[in-house]
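Work through the exercises below with the sequence and the model side by side. Try each task before reading its solution.

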Amino acid sequence: MHAWLIAFRNRERDLPDMLQIRSEVLKALALYSQCFKNPILYQEEEIRFVVVKVITQDNTVMPDLYFHGKPKIVLPIEPNMIDTIIVSHNLENQINDISQMLRSFGFNNTQVKLTDLPY
């Protein structure tokens with residue numbers, strides 16, 4: 001993280017090199033986020049990220065919509081981007097409904113499975 005912060009702070013001095021450093025650091029963080037997980041949590045492969053779509057001159061976030069009072073942006077997701085959805089035990093009785101909803105949006109090859117985790 002320290003290298004990323006230095007590259008971010010020095011972006012005006014040497015933008016191409018600083019962008020390269022930031023990119024390499026983010027790749028390493030993505031890898032490390034998976035390497036140091038508890039093996040029982042293997043199904044939790046998500047990497048969370050924050051995207052700010054537009055900033056105005058006065059640093060105002062310009063979201064596509066607000067959901068529960070929080071700014072959100074819309075990102076297109078193609079069916080080939082998601083091959084499996086693993087649901088918690090709380091949704092075990094809704095797997096068929098989730099599969100049908102996915103198919104209605106064109107996610108015909110996306111599997112919906114119950115988690116192997118005990119919770």
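The exercises go from the whole chain to single residues.

This is a predicted model, in which local features need pLDDT of at least 70, side-chain atom pairs count only at pLDDT 80 or more, and totals for chains, interfaces and linings use all residues. Residues are numbered from 1 along each chain as its sequence is written, and side-chain values use heavy atoms, with hydrogens and water left out.

**Exercise 1. Find where confidence is lowest and highest in the protein chain.**

Solution. Start with the scale: pLDDT is the predictor's confidence in each residue, from 0 to 100. The protein chain averages 81, and 79% of the residues score at least 70. Next, go by element. Helix α1 (residues 2–9) has the lowest mean, 77, while α3 has the highest, 96.

**Exercise 2. List the secondary structure elements of the protein chain in order.**

Solution. Helices (H or I, at least four residues) and strands (E, at least two) are DSSP runs, numbered from the N terminus. The chain has three helices and four strands. Read from the N terminus, the order is α-α-β-β-β-α-β.

**Exercise 3. Describe the setting of Thr110.**

Solution. Second, check burial. Buried means under 20% relative accessible area, exposed over 50%, partly exposed in between (1.4 Å probe, protein chains only). Thr110 has a relative accessible area of 10%, so Thr110 is buried. Third, list the neighbours by contact (heavy atoms within 4.5 Å). Not counting residues up to four places away in sequence, Thr110 touches Pro79, Ile82, Asp83, Thr84, Ile85 and Leu102. Finally, look at Ile82: its backbone oxygen is 2.8 Å from a polar atom of the Thr110 side chain.

**Exercise 4. Is His68 buried or exposed?**

Solution. Locate His68 in the loop between β1 (65–67) and β2 (70–72). His68 counts as exposed because its relative accessibility is 71%. Now check the backbone. Phi of His68 is near 55°, a positive value in a residue other than glycine. Most residues other than glycine have a negative phi.

Conventions:
Polar contact = N/O pair within 3.5 Å; in protein donor to acceptor, adjacent residues only side chain to side chain.
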